[in-house]
Amino acid sequence: MAWTIWTTVAVTVSLASALTAPTLVSQPIFDLDDLGRVGLAGNFDGISLYEYTGQTQSAPFTNGSQSLLTQLPNGLFSSLGLADEAINAMCVYELSDGTQRGVVVGGNFTSLGGIEAKGIALYNPDDDSITTLGDFQGRVSALLCDKGTSRVYVGGMFSMNQSENAAAWEDGEWKNLPFEGFTGPVNTVTRSNNNTILFGGNFDGLRNFSAPTIRDAQTLNIVSAEITAEQTSDLAGFNDPAAITCTNGTETQWLVRDGQRGSWTAAFRFEFFPTKLRLINSDFEDRSTETFRLTAFPLGGIMNLTYTDSTGNEQHCAETCPLAAIDEAQDFEFIDVVGMKSFRIDILSHRGAGGGLSSVQLFQDNIFTFAIPELNEPSCTAADVPRSASIASGAWFETEMSAVGSSNYLSVDVDASTIPSTSVVFEPHIEQSGRYQILIFTPGCVQDGSCATRGRTSATGTVTSNGNTVNLQFAQTNDFDKYDVAYEGDVDVASGSFRPRITLAPTPNQPADTVRIVAQRVQFKLISENKQGETPSGTSTGSSGLNGIYEYDPQATGTTDPADSRINAAGLRLNDNASIATIVVKGDFTYVGGNLTTGDFQHFFIIDKNNDALPSVPEGGLDDAVNIMHASGDLIYVGGAFSGTRDDTIKGVTGIGAYDTAQNSWVALGAGVNGVVSDIVPISLNLTSGVEECIAISGDFSAVRPDTDAANAVEVEGFAVWIPSTKQWLEATDGVISLSGILSAVVTADNIPIYAGSMASNTMVSSGAVYLLDSDVSRNTLAPSALEMVTTRDTASRKRDVSPQNVTGVVTGLFYVDNGKNLTILGGNFEAQGQNDTTIRNLAIIDGNNNDAVDGATDEFASGSTILAMQVLDKLLFVGGSLEGTTNGTIGGIAIWDLDQMALAATQPQPLNGDNVTVLDITRRPDTNDIYVAGEFATAGSLDCANLCIYQNDAQRWVDASPEVPGRINTMRWVDQDHLLVAGDMNLNGTAMYLALYDTQLGIYKAVDADASNIPGPVTSIAVDSDTSDTLFIAGTATNGTSPYLMKLKNKKFVALQAQFEEDATIHNIQVLNLQSRSTHDDNDFLQGEHILLITGDLKVSGFGNASAVTYDGKDWKPFMLTSKSNGDPGTITTFFSQIEPVFSKRKSRLARGYVILISLAIALALVFLLVVGGVIASRIRRAREGYVPMPTMSGAEKSAQMQGRLPPQDFLQDVGAGRGRGPPMI
């Protein structure tokens, strides 16, 4: 279907990504034949192979940002364009003739796809362009693309031309609706079953029914403006143009040079919308201004004004406005209210010797309070009215607004020590008690280049004398200027000791150690009449008799009487100030949900098209507010803050439920969730049973309940999926797709769903570990482990440290398949679910002989312990790390676990001692029972044994490896039985050394036989690609602590690989693997054609983003695995482990098994043939000597009968040319 774009004043920009078929990514295929079982472990809850372009490991945004999303063939989500704030609604804009214009996107964003688009934009799926829709600013909550009227109806909280909170887009421009919008925000817009348009929200009237306003409520601070003048008089005492900015009389005057025309200009540090100009003429020695004009900038236009003449009649003026020769204030009202940042008064003619002025004052309707104190109302404001003011605490500094900004603002850089003392208190000028919206304005981060460091703020305060409070938290990462609605409700005027106040301050928890906070201005916007019924001068009030819902007939001319609508009348039956959140129309019935009550039902009611009486609602409705509804078949899915039905006889309708329209009853979805649901979006997922149409919910909840038994609840992070066909939660099933984040809307364009939200997704749910499988197909595959992690220790607040003890989740793993056992052993820093409802801590053992039951350590190790290394010797498992405990003696750094008893061994090694004792690696010396332990420690028991110590298991004692103190050893690898390659952050003989060779015979450390001087920092991982020690890979972190590196030892020199990782990436492990085919790459300086390097860690790949595993073929870097945690944050793969250590022999031709059999068979046949021929010849010679006489031979039939048991050759050759794959691992 063709999509067309029309020309507007908007900006159109194409996005980088396209809504086109994704490309399948070619990945290397590992040859795992000789490795036995293979695993990968780390800190993750979901994992995917990188299969398609557009697939990422991005985390859901925590600052409220969302994206346009599409689904890849593997069901994962890919971003089409990023918005800097929430996307609330979408619809496909189709005209009455069937022409489709694009997808309209609405929300609270200020940019979409990297371009400025405040609240609404148009997305074209054909070319992935974004078009802004005119000069719109505000929050869009609801959209209706109405084909019948070729219009887009927009609802939310905004001002557009002369309309408030509702408007229409048609023919490339904004159209005011005849009723000019509503007195409060609009939450939902839909077409009714009467061919009309329904608006729902929190309003009590139409704007054209005289909504309340306070005229000229605020005095603009001209004192803080930059004042300049032309042709100023030379008379002393009359030559200061700034002297008349805050006066109410003629005590000070500014005069123009006698006989000349002059001008007076004020340039402000903020944008303003003046409604009234007040002037007092000069009178010094009969000098006074006779006529003037006012020009606004940057508009550059002469303003049209009205005034009252001496006879009491209203007059108009523009190019020439008269000023009477009196010493009293004269007011001029602005006909057009426009934004300006400066204005100029031109003195056109004068009386007497010259002209001049004694006072200039400006007023506006809008009630603003600025963070910069001197921008608030001046001291000359009437003494009996509390003027606007602000109080800034902290190290704030003023930042100038951009050319398109609305005002200068305060900025401050804060950290944990300065957050408590940093704030701005806003005290508004309130003339009338009433219902207000409080808007917090935040300048965009693009203009001051602070997007990377912006933080989060809170707006709190008390706004009524009886204690109504404001409490809002929001991120300040918006690209362009925006405002957030902090509060809507009653606000009182100041009285006694009470005064409304709003405090803006940084929140305690910030996304970085140091963040930038900004404070600009707060607006108090009157939306409803005076509470006490008093109407101050200059204020008009009125109501059109609405209560949260309004039916609009687009065919009617003018504004119809709201009382004529059955739907409007239904709203009046609700409680005062009812808030409608969502409306669904199905057949003759309209279903309405929100925060509302009557005597008969709560929060949910039904309107019958054909009957004034409201139908009954089963169970009396729900016990708390409804936020969202979605219709599917006979069911209407309902989400909100409710914990049950009002009558509480149906269990499980908690946070989410469904109303069955056919049965007129409530239906539970499992037993609901344990919190609030804010969004419901239909979603298609490719599950094991095939493509399923599901229901995705998002909100503030942490668990879904498959049934009413609380013990069966499944932990989630505010997102879950209901599968209607199985009537079960996706999260309660095993090994299926992993999803987290938020989905807020979906539309279908060209049969392709386009979603709005912020998602992290993976093709497999597996917690902490997975198995990597050989494959007969085009790629290796994954299988989940039975581990189910519960928690990992949070290290997010720590400064970056890539030392192994600071990782979380599963850190190390191994397989044990001896002595009739089939175990997968995992160690690290985690808690996991064990058998019989036990909690496994730090050491998990999965028994493949017992249905993958999970056993392991429970409370044997002290809280905070971490296992970093493991090694098996017979039936004893040596575990090391940052370990403490008192079971079976004191544990320090290392412990022994008995795999027969599944408990700590009765005899434990003497504890290691020193500062921050940590075992980082454990290895067994070949052909011995000696265990080599390396890390950071000083002694073993009372034995001096620094950094490398030998535990002789037969004698159960420690032996010092060397009298030297090498420094921290991170990893070890045997070169041969007598030489151990050690790597870490060492210092030998006063020289920093990151690699060394330990001689077991001499008990000394030696320098490696290579130039290691260019290794930039401590080595943390080693990988070999041959069975000799003259070629290997190393990885680590540069001494500056921020840059990871990879190097290859070749020809006795270490050569750096040009790794495409960002500075804050972390490499945890490297491993060279064999490939099934050499066709993926040729031999090069780093790798042979049959080898590939696998890098795992917390990897940030330049030009791609987060990845947990990356492959390198000596030339190209390619993301291989992507992971995420349960909350959607990127995960980490810490280690690769296999049952058999990879072996790299000298290159030789590797043939398929069938060909090997053929060759072997041919050789065997040849040998048999030679033996037979030799035997026959020898036999003939012998028999000839003995006088041999031939016997009669068998008949042909007898021969045939003797050969019926022959094995067909194809049984030997059936796998020639077949794939060399393996089945699933034994787990």
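A disulfide is taken here as a pair of cysteine sulfur atoms within 2.5 Å. The structure is a predicted model, in which local features need pLDDT of at least 70 and side-chain atom pairs count only at pLDDT 80 or more, while totals for chains, interfaces and linings use all residues. Residues are numbered from 1 along each chain as its sequence is written, and side-chain values use heavy atoms, with hydrogens and water left out.

The link of cysteine 91 and cysteine 145 is right-handed, with 60° about the S-S bond. Because cysteine 91 belongs to strand 6 (residues 87-94) and cysteine 145 to strand 12 (residues 138-146), the pair ties together parts that are 54 residues apart in sequence. Strands (E, at least two residues) and helices (H or I, at least four residues) are DSSP runs, numbered from the N terminus. Cysteine 91 has a relative accessible area of 9% and is therefore buried; cysteine 145, at 16%, also counts as buried. The term buried denotes a relative accessible area under 20%, exposed one over 50%, and partly exposed a value in between (1.4 Å probe, protein chains only).

A further disulfide joins cysteine 445 to cysteine 451, with an S to S distance of 2.0 Å. This link of cysteine 445 and cysteine 451 is right-handed, with 90° about the S-S bond. Cysteine 445 is buried, at a relative accessible area of 0%, whereas cysteine 451 is partly exposed, at 32%. In the disulfide of cysteine 945 and cysteine 949, the sulfur atoms are 1.9 Å apart. The link of cysteine 945 and cysteine 949 is right-handed, with 120° about the S-S bond. Cysteine 945 is buried, at 0% relative accessibility, and cysteine 949 is likewise buried, at 0%.

Two surface patches were then examined. Patches consist of residues with over 30% relative accessible area and no salt bridge, like charges being joined within 9 Å and nonpolar side chains (Val, Leu, Ile, Met, Phe, Trp, Tyr) within 5 Å. A salt bridge is a side-chain nitrogen of Lys or Arg within 4 Å of a carboxyl oxygen of Asp or Glu. Accessible areas come from the Shrake-Rupley method with a 1.4 Å probe, and for residues only the protein chains shown count as cover.

A negative surface patch comprises Asp283, Asp286, Asp327 and Glu328. Aspartate 327 is situated in the loop between strand 28 (321-322) and strand 29 (330-334), and is partly exposed, at 46% relative accessibility. A nonpolar patch on the surface is made up of Leu1158, Ile1159, Ile1163, Leu1167, Phe1169, Leu1170, Val1173, Ile1177 and Ile1181, which together have about 830 Å² of accessible area. Isoleucine 1181 is located in helix 2 (residues 1153-1186) and is partly exposed, with a relative accessible area of 44%.

Valine 1024 was considered separately. Valine 1024 lies in strand 84 (residues 1019-1024) and is buried, with a relative accessible area of 12%. Valine 1024 and isoleucine 1070 are separated by 46 residues in sequence and by 9.3 Å in space, C-alpha to C-alpha.

Technical notes
Lys, Arg positive; Asp, Glu negative; His and termini not counted. Charge placed at Lys NZ, Arg CZ, Asp CG, Glu CD.
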